[in-house]
Amino acid sequence: MSEFAIGDKVKVSVIPSFMFSEYGTYGELVNMPVHAVVKHPENLTMEQAAASWMMFVTAYGGLIEFGKVQKGDFVVLGGATSSVGIAAIQIAKMQGANVIALSRTHAKGDVLLQKGADFVIATKEDDVTAKLLEITNGKGLNLVFDPVGGKEAAKIINAMTQDGKYIIYGALSHDDIAVPVFPILGKHLTVRGYELFEITTVPEKLAQAKKFVFDGLASGQLKPEIDKVFAFDEMAEAHRYMESNAQIGKILVKV
């Protein structure tokens with residue numbers, strides 16, 4: 001273990017690159033595989049470090065490694081108020097993309113604009129396809145990074161441009177994706193699933209992700225979003241708060 005020395009600030013800088021049944025993290029002392037432990041920049045507090053790596057590495061994989069986001073692209077981010085959604089806004093803006101954040105209602109719209117989104121669409125209130133085509137001046141979307149899926153996915157796919165990519169990294173809807181065949185055929189679209197382990201289980205990709213995120217955190221271009229911090233003996237309350245879906249960003253439990 002040549003990367004680390006006794007006293008290094010690595011206790012809470014862990015990238016989820018293992019099965020949760022293998023390593024437990026609810027404790028004052030935890031045992032982690034060395035590849036999952038990462039040093040964090042000195043400008044971060046321990047709380048900020050704890051909030052950083054899962055969200056930014058997940059977003060990095062979807063947008064940079066597989067999405068190949070480019071300057072000027074129109075990027076749609078589903079579940080934009082989640083920690084990964086906030087991280088994706090920051091990474092997409094770093095690359096010079098136009099960010100369209102999706103939320104179920106407009107209740108959190110102003111917050112998403114403050115966090116860097118260029119546009120906000122409420123999937124339960126707006127005509128999604130029409131709004132997307134209006135925002136892109138009819139050109140369509142280059143990239144979609146979505147943890148929701150379900151029947152509403154067709155409304156997004158119908159607004160994609162030639163050779164666009166739809167990357168789904170979750171199943172919050174619980175319904176199968178509604179896939180409109182003709183836009184996929186006619187526009188040569190790519191629809192693919194993505195999970196964090198595609199980055200964290202490949203040493204070369206993990207090293208690239210660590211460098212990208214570390215540099216972004218050190219420069220201040222990437223800033224972890226912490227919604228609320230609970231004490232260790234409030235663990236159950238922290239889970240209830242997470243289930244309420246009221247948070248914007250990361251929920252922490254402090255030992």
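What follows is a tour of a predicted model, stop by stop.

**Stop 1: the two domains**

Start by colouring the chain in two parts: domain 1 (12-54 + 199-253) and domain 2 (67-193). Their centres, taken over C-alpha atoms, are separated by 25 Å. If you want to see where they meet, look for 12 residues of domain 1 in contact with 13 residues of domain 2.

**Stop 2: the sheet**

Now show the strands. You'll find an open sheet of six, running β3-β2-β1-β4-β5-β6, with parallel pairing. Which strands sit at the edges? Go for β3 (119-122) and β6 (190-193), each of which pairs on one side only. On average, neighbouring strands of this sheet are turned by 15° against each other, direction ignored.

Zoom in on β6 and its partner β5 (residues 160-168): this parallel pair is held over four bridges. To pick out one of them, select Y166 and then V191, its bridge partner in β6.

**Stop 3: helix α2 on the sheet**

Next, select residues 53-66, which is helix α2. This helix packs on the sheet, where it touches β1 (74-77), β4 (141-146), β5 and β6. Compare directions while you're here: α2 makes about 155° with β4.

**Stop 4: the largest nonpolar core**

The largest nonpolar core has 44 residues, and the ones that touch the most other members are L63, I91 and F145. Elements giving two or more residues to this core are α2, β1, α3 (83-94), β2, β4 and α9 (203-219). Which element gives the largest share? That's α2, with nine residues. Both domain 1 (12-54 + 199-253) and domain 2 (67-193) contribute residues, so this core lies between them.

Click on L63 to see some of this packing. Leaving aside neighbours within four places in sequence, L63 is in contact with K68, V69, V75, L77, A88, I91, A92, L143 and F145. There's also a second, separate core of 19 residues, including F74, L132, M160 and L189.

**Stop 5: helix α5**

What do they pack against?

**Stop 6**

Is S103 buried or exposed? With a relative accessible area of 13%, S103 is buried. Show its surroundings and, not counting residues up to four places away in sequence, you'll see S103 touching T81, L112, I121, A122 and T123.

**Stop 7**

Time for some backbone spotting. Most residues other than glycine have a negative phi. Here are some spots where phi is positive.

- K68 is not a glycine, yet has a positive phi of about 50°. Find K68 in the loop between α2 and β1, where it counts as partly exposed at 46% relative accessibility.
- N137 follows α5, and its phi is positive, near 55°.
- D163 has a positive phi too, near 65°, and is a residue other than glycine. Look for D163 in strand β5; its relative accessible area of 48% makes it partly exposed.

**Stop 8**

For the last stop, select Y26, in the segment before α1 (46-50). Y26 counts as exposed, at 55% relative accessibility. Still, Y26 has contacts: not counting residues up to four places away in sequence, it touches F232, M235 and H239. How far apart are Y26 and F232 in sequence, and how far in space? They are 206 residues apart in sequence and 8.7 Å apart in space, C-alpha to C-alpha.

Definitions and conventions. Residues are numbered from 1 along each chain as its sequence is written. This is a predicted model: local features need pLDDT of at least 70, side-chain atom pairs count only at pLDDT 80 or more; totals for chains, interfaces and linings use all residues. Side-chain values use heavy atoms; hydrogens and water are left out. Two strands pair if DSSP finds at least two bridges between them. Axes are lines fitted to C-alpha atoms, for helices over the stretch in contact, and angles run from 0 to 180 degrees between N-to-C directions. Contact means heavy atoms within 4.5 Å. Buried means under 20% relative accessible area, exposed over 50%, partly exposed in between (1.4 Å probe, protein chains only). A nonpolar core is a set of buried Ala, Val, Leu, Ile, Met, Phe, Trp, Tyr and Cys residues joined through side-chain atoms within 4.5 Å. Domain bounds come from an automatic or database domain assignment.
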